[in-house]
Amino acid sequence: MQKPDAQTQQRANELKEEVRKILRNVDDNLQELNLIDAVQRLGVAYHFEEEIAQALLRMYKSGRGYGGDLHAVALQFRLLRQEGYNVSPDVFMKFKDEEGKFKRTLAGDTRSLLSLYEAAHMGTHGENILDEAIAFTRENLNSALPCLNLPFSTLVEHALELPLRKRVERWWKSWDSAAKLPFIRDRVVECYFWKLGVYFEPQYSQARKMLTKIISLTSIMDDIYDVHGTLEELEPYTDAIQRWDRSVIDQFPDYIKLHFSALLDTVDKFEEELAQEGKSYHIPYLKQVFKEVSKGYLIEEQWLNSGHVPTLEEYMTNALITSAYPMLSVVSYVGMGDVATQEAFDWGVSMPKLIEADLQTQG
């Protein structure tokens with residue numbers, strides 16, 4: 001990507017400073033909410049993290065209310081929940097009627113309905129009022145959609161398809177995997193865009209590239225174990241991965257050579273990059289979780305070949321590893337620089353309950 005010239009960069013800095021001043025000095029509460037929402041939707045909020053964090057902290061501490069303005073109440077609820085504040089969903093009780101249902105008079109206010117719809121997707125398990133809000137707003141937004149004008153109709157249509165809560169360098173060709181390994185799923189674009197949902201900010205470019213490469217290599221390995229490799233080939237390959245032993249690479253068939261070589265070269269390159277930052281200690285954690293996944297894949301292949309039907313407990317214990325969630329949780333830290341501390345890596349490889357629960361939710 002071409003770097004902007006000095007004049008363009010200067011203008012960008014001036015505009016960023018203008019937005020900072022507005023965020024620091026805005027005296028209208030609703031305007032402040034709308035401004036924060038706007039910069040977040042534009043994907044430039046990372047320029048104003050400190051200002052936004054301070055503004056949202058003030059909102060949370062003040063317990064700011066907006067009476068019967070559903071748009072403002074819902075927008076503040078969503079922004080605060082996104083920031084990690086445990087705002088009670090009871091703020092929406094005032095918009096229910098005596099029968100405990102959302103007031104039918106709200107149906108005509110599509111802007112507020114859309115705000116409530118987006119806010120309700122910040123709900124957690126057991127928050128029934130937010131589940132009810134999603135059903136209520138979806139029904140009414142779908143009904144209103146044919147009568148809405150552009151561009152608001154497009155905004156509603158996109159939200160109904162995928163709410164904000166769920167939205168998220170082509171080095172791949174050098175491997176030539178699609179041609180040499182025709183049995184694999186070519187998922188690099190899917191993998192990269194999945195990572196954009198994890199972190200899209202420019203400062204995490206290195207982390208995105210690293211995570212994309214590792215999950216792409218994991219996807220190839222999954223296909224090798226599931227659809228192409230034989231047990232006689234996969235057992236020594238798994239052992240080679242455990243020892244991270246390049247010396248045995250020529251003992252394998254070509255398709256394994258390609259994958260193993262790509263894996264070793266990729267991780268070596270990561271280590272070179274991180275060594276320059278004094279972060280090479282990240283690499284043993286990456287290797288540890290990758291090795292665990294390969295062992296999990298081999299266990300599944302051994303079950304299949306022996307005709308063994310695992311118990312539910314056996315299956316779920318291994319599936320927690322082969323889902324790759326624990327691995328990705330650790331590898332996502334590898335390229336994040338000072339953000340990723342040794343304590344974070346130690347926590348990640350300890351199989352914390354948070355990761356286990358997330359897998360169960362996704363499942």
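Tutor: A residue counts as buried when its relative accessible area is under 20%. The model here is predicted. By that cut-off, buried residues make up 44% of the 363 residues in the protein chain.

Student: What secondary structure does the chain have?

Tutor: The protein chain has 17 helices and zero strands. Its accessible surface comes to about 20,000 Å². Carbon and sulfur atoms hold 51% of that surface.

Student: What does Ser153 contact, leaving aside its neighbours within four places in sequence?

Tutor: Leu145 and Leu148. Contact here means heavy atoms within 4.5 Å.

Student: Why does Ala144 count as buried?

Tutor: Ala144 has 15% relative accessibility. The limit is under 20%, so Ala144 counts as buried. Ala144 belongs to helix α6, residues 128-144.

Student: Thr110 brings us to α5. What makes α5 largely enclosed by the rest of the structure?

Tutor: Count its residues. 10 of the 11 residues of α5 are buried, so the helix is largely enclosed by the rest of the structure. The buried ones include Thr110, Leu113, Tyr117 and Glu118.

Student: Which helices are among those that cover the buried residues of α5?

Tutor: The cover includes α4, α6 and α7.

Student: On to the rings. How many aromatic pairs does the structure hold?

Tutor: The structure holds 11.

Student: Why is the pair of Phe77 and Phe92 called edge-to-face?

Tutor: Two checks. Ring centres must lie within 6.5 Å to pair, and planes over 60 degrees apart count as edge-to-face. The centres of Phe77 and Phe92 are 5.1 Å apart and the planes stand at 70°, so the pair is edge-to-face.

Student: What makes this pair a tie between parts of the chain?

Tutor: Phe77 lies in helix α4, residues 70-82, and Phe92 in the loop between α4 and α5, so the pair ties together parts 15 residues apart in sequence.

Student: How do you know that Phe77 is buried, and what about Phe92?

Tutor: Phe77 has a relative accessible area of 1%. Phe92 has 1%. The cut-off is under 20%, so Phe77 is buried, and so is Phe92.

Student: Why does the pair of Phe252 and Phe260 count as edge-to-face?

Tutor: The ring centres are 6.4 Å apart, and the limit is within 6.5 Å.

Student: Last, helix α1 and helix α2. What describes their crossing?

Tutor: The axes of α1, residues 6-25, and α2, residues 29-41, come within 10 Å and cross at roughly 145°. The crossing is left-handed.

Student: Which residues of α1 and α2 meet?

Tutor: Val19, Ile22 and Leu23 come from α1. Glu32, Leu35, Ile36 and Val39 come from α2. By class, that contact has six nonpolar, no polar and one charged residues. Glu counts as charged, and Val, Ile and Leu count as nonpolar, so Glu32 is the charged one.

Notes. Residues numbered from 1 in each chain as written. Predicted model: local features only at pLDDT ≥ 70, side-chain atom pairs only at ≥ 80, totals over all residues. Heavy atoms only, no water. Axes fitted to C-alpha atoms, helices over the stretch in contact; angles between N-to-C directions. Helix = DSSP H or I, 4+ residues; strand = E, 2+ residues; numbered from the N terminus. Left-handed = near helix turned anticlockwise from the far one by under 90°. Buried < 20%, exposed > 50% of the residue type's maximum accessible area, 1.4 Å probe, protein only. Areas by Shrake-Rupley, 256 points an atom, 1.4 Å probe, with all protein chains shown as cover. Phe/Tyr/Trp six-rings, centres within 6.5 Å; stacked < 30°, edge-to-face > 60°.
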